[in-house]
Amino acid sequence: MAIVYQKTKGLQDTELHYCPGCSHGIVHKLIGELLEEMDLLDTAIGVCPVGCAVFAGNYFSYDTIEAAHGRAPAVATAVKRTHRDQLVFTYQGDGDLASIGAAEIVHAAMRGEKFTTVFINNAIYGMTGGQMAPTTLIGQKATTAPLGRTAEQAGMPIRVAEMLATLDGCVYAERVCVTDIPNLNKAKKALKKAFQKQMNNEGFTFVEVLATCPTNWGMTPLKAVEWLKENMAAYYPLGVIKDVSAQAEVR
């Protein structure tokens with residue numbers, strides 16, 4: 001019998017702990033498939049800090065390092081500088097990257113560190129109970145904003161990909177989502193390009209993934225997908241934000 005589908009060797013045979021409808025498992029799968037296809041499973045190194053993906057090393061079948069909260073870019077910098085020929089990536093959530101780790105990611109991108117960051121943006125602190133994050137939308141409710149976020153109290157949500165794209169060391173930034181098959185394919189393509197540009201020694205590469213958190217959003221998985229499409233994608237537009245090589249070709 002012909003094999004129609006086979007689980008990627010990039011993931012261990014371990015049950016995921018994520019909530020039903022969470023996007024983390026989907027992104028794990030895409031990364032695992034991609035590294036297998038690129039023949040990088042034996043050499044890739046992931047850096048996973050505190051957050052919902054704190055246990056990612058239990059699922060990925062390649063080497064991973066645990067970093068302190070927000071410090072994954074610093075760890076990845078050290079790893080990549082000492083393992084220049086190996087693929088290195090950080091896997092970070094919005095609370096981790098855009099809040100406590102904001103300085104870390106900005107300076108890594110500014111320096112043009114040659115690793116990739118996979119940024120999971122679900123607009124809320126997932127692991128610790130649903131507090132407001134730097135990416136929480138205006139009006140969106142959280143345990144620390146029960147009436148909804150306001151610009152007067154918390155400022156506007158940060159568009160991280162656009163912010164990092166202004167830095168010279170960032171050569172590639174794209175925002176994707178994983179709500180359906182067409183977007184899954186686009187997300188995998190973006191991750192592949194980011195990894196390839198890193199391996200070409202071009203500079204810092206960044207892929208932001210708009211993700212669902214049905215538990216802390218207080219929604220069903222299906223409703224969460226629709227809410228992401230209608231609300232998050234409107235404020236955080238999908239697509240390529242910066243591609244230095246593509247810009248050079250246009251000139």
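Modeller: Let's start with burial: buried means under 20% relative accessible area, exposed means over 50%, and partly exposed is in between (1.4 Å probe, protein chains only). This is a predicted model, in which local features need pLDDT of at least 70 and side-chain atom pairs count only at pLDDT 80 or more, while totals for chains, interfaces and linings use all residues. Residues are numbered from 1 along each chain as its sequence is written, and side-chain values use heavy atoms, with hydrogens and water left out.

Colleague: Where does I26 sit, then?

Modeller: I26 belongs to helix 1, and I26 counts as partly exposed because its relative accessibility is 32%. Setting aside residues within four places in sequence, I26 is in contact with V178 and L184.

Colleague: What about Q92, which residues does it touch?

Modeller: Q92 is in strand 3 and counts as buried because its relative accessible area is 1%. Beyond four places in sequence, Q92 touches P49, A72, P73, L97, I105, T117, V118, F119 and I120. A78 is 14 residues from Q92 in sequence, and their C-alpha atoms are 17 Å apart.

Colleague: Now backbone angles. What is the phi of D39?

Modeller: D39 has a positive phi of about 60 degrees, although D39 is not a glycine. D39 lies in the loop between helix 1 (24–37) and strand 1 (45–48), and D39 counts as exposed because its relative accessibility is 67%.

Colleague: And A123: buried or exposed?

Modeller: Buried, because the relative accessible area of A123 is 0%. Phi of A123 is positive too, near 65 degrees, and A123 is in the loop between strand 4 (116–121) and helix 5 (151–154).

Colleague: How do I check the length of helix 7?

Modeller: The expected span of a helix is 1.5 Å times one less than its number of residues. Helix 7 (residues 181–199) has 19 residues and so should span 27 Å; the end C-alpha atoms are 27 Å apart, which agrees. Among its buried residues are L184, A187, L191 and F195. Helix 7 is followed by N201, which has a positive phi near 70 degrees.

Colleague: At what angle do helix 2 and helix 4 pack?

Modeller: Two packed helices are described by the angle between their axes and the distance between the axes. Helix 2 (residues 72–82) and helix 4 (residues 102–111) pack at about 35 degrees, with axes 9 Å apart. Axes here are lines fitted to C-alpha atoms over the stretch in contact, and angles run from 0 to 180 degrees between N-to-C directions. P73, A74, T77 and R81 in helix 2 meet E104, I105, A108 and R111 in helix 4. This contact has four nonpolar, one polar and three charged residues; Ala, Val, Leu, Ile, Met, Phe, Trp, Tyr, Cys and Pro count as nonpolar, Asp, Glu, Lys and Arg as charged, and the others, Gly among them, as polar.

Colleague: What covers the buried residues of helix 2?

Modeller: The cover includes strand 1, strand 2 (63–66), strand 3, helix 4 and helix 7. Those buried residues are A72, P73, A76, T77, V79 and K80.

Colleague: Last topic, pockets. What is the volume of the largest pocket?

Modeller: About 240 Å³. On a 1 Å grid over the protein atoms alone, a pocket is an open set of points where a 1.4 Å probe fits, with protein on both sides within 12 Å along at least five of seven lines; lining residues have an atom within 4 Å of a point. Grid points are joined across faces, edges and corners, and a volume is the space filled by probe spheres set on the points. The largest pocket has 20 lining residues, with V50, G51, C52, G93 and D96 closest to its centre. Strand 3 (88–93) and helix 3 (94–100) each supply at least two lining residues.

Colleague: How many residues line the second largest pocket?

Modeller: 16, with Y18, C19, C52, G126 and M127 nearest its centre. The second largest pocket holds about 200 Å³ of space, and its lining has eight nonpolar, eight polar and no charged residues.

Terms used
Helices (H or I, at least four residues) and strands (E, at least two) are DSSP runs, numbered from the N terminus. Contact means heavy atoms within 4.5 Å.
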